[in-house]
Amino acid sequence: MIEKIITSLETIPLLGRLFTFLYGLGFVCKKDFRLIQNLGRPIMIINSSGKDMDLIAAHIRDAGFFRLESPSKTDQNLDRLTKHSIVVVGYTEGESDVNKIISAVKAKSLPVIFFAEQGEISEEDKKAVYGYSYAEIANSPFRLMNLIFSILSTYKFNQ
């Protein structure tokens with residue numbers, strides 16, 4: 001009788017490990033499924049005179065994972081936001097209307113990434129960017145790619 005109890009108690013760690021493995025596997029599958037689902041959404045890129053966003057678009061396109069629209073010259077295309085995943089903005093001080101961009105993406109609950117050199121964004125614009133919880137600043141193409149991947153694998157878009 002005691003041997004049966006001891007044998008059954010020995011299976012508890014095995015069941016715990018099995019449950020933990022299945023939970024972890026489910027988490028990874030859920031994250032990957034979300035990423036695959038979000039990779040089907042296009043990324044909108046907005047140019048500015050101070051940033052060569054065509055080069056950035058080429059870097060993103062070369063990764064082979066993302067659907068890109070051709071970089072637009074103006075932020076008037078924000079009216080066309082429908083099923084986009086992210087908006088990437090080439091920031092130029094005085095030209096990029098940060099408040100207008102933030103308002104447009106906030107209305108659609110979309111993440112936005114401002115691409116700017118270190119220290120280029122004015123304090124007023126920085127406050128507007130950091131005032132929106134789904135806004136981020138990238139200073140290099142590699143950081144931009146990292147942010148896009150992170151956002152697409154974790155952000156749950158409203159369907």
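A nonpolar surface patch of about 520 Å² opens this tour of the model, and its members are Leu-15, Leu-18, Phe-21, Leu-22 and Leu-25. Such patches gather residues with over 30% relative accessible area and no salt bridge, nonpolar side chains (Val, Leu, Ile, Met, Phe, Trp, Tyr) being joined within 5 Å and like charges within 9 Å. A salt bridge here is a side-chain nitrogen of Lys or Arg within 4 Å of a carboxyl oxygen of Asp or Glu, and accessible areas follow the Shrake-Rupley method with a 1.4 Å probe, only the protein chains shown counting as cover for residues. The structure is a predicted model, in which local features need pLDDT of at least 70 and side-chain atom pairs pLDDT 80 or more, while totals for chains, interfaces and linings use all residues. Residues are numbered from 1 along each chain as its sequence is written, and side-chain values use heavy atoms, without hydrogens and water.

With 47% relative accessibility, Leu-18 is partly exposed, a class lying between buried (under 20%) and exposed (over 50%).

Helix H3 (residues 98-108) has as its buried residues Val-98, Ile-101, Ile-102 and Val-105. They lie on the same side of H3, because their arc around the axis is only 95°, taken from the directions from the helix axis to the C-beta atoms. These buried residues pack against strand E3 (86-90), strand E4 (112-115), H4 and E5, with contact meaning heavy atoms within 4.5 Å. Just after H3, Ser-109 adopts a positive phi of about 55°.

Aromatic rings come next. Rings of Phe, Tyr and Trp (its six-membered ring) pair if their centres lie within 6.5 Å, and planes under 30 degrees apart are stacked, over 60 edge-to-face and the rest tilted. By this rule there are 5 aromatic pairs. Tyr-132 and Tyr-134 are edge-to-face, because their planes stand at 90°, with centres 5.7 Å apart. Tyr-132 is buried at 6% relative accessible area, whereas Tyr-134 is partly exposed at 38%. Tyr-134 also pairs edge-to-face with Tyr-155, at 4.9 Å centre to centre and 75° between the planes. This pair links distant parts of the chain, 21 residues apart: Tyr-134 is in the loop between helix H4 (123-130) and strand E5 (135-138), and Tyr-155 in the segment after helix H5 (141-154). Tyr-155 is buried, at 14%. Elsewhere, ring pairs join Phe-65, Phe-66 and Phe-149 into a cluster.

Technical notes. Buried means under 20% relative accessible area, exposed over 50%, partly exposed in between (1.4 Å probe, protein chains only). Helices (H or I, at least four residues) and strands (E, at least two) are DSSP runs, numbered from the N terminus.
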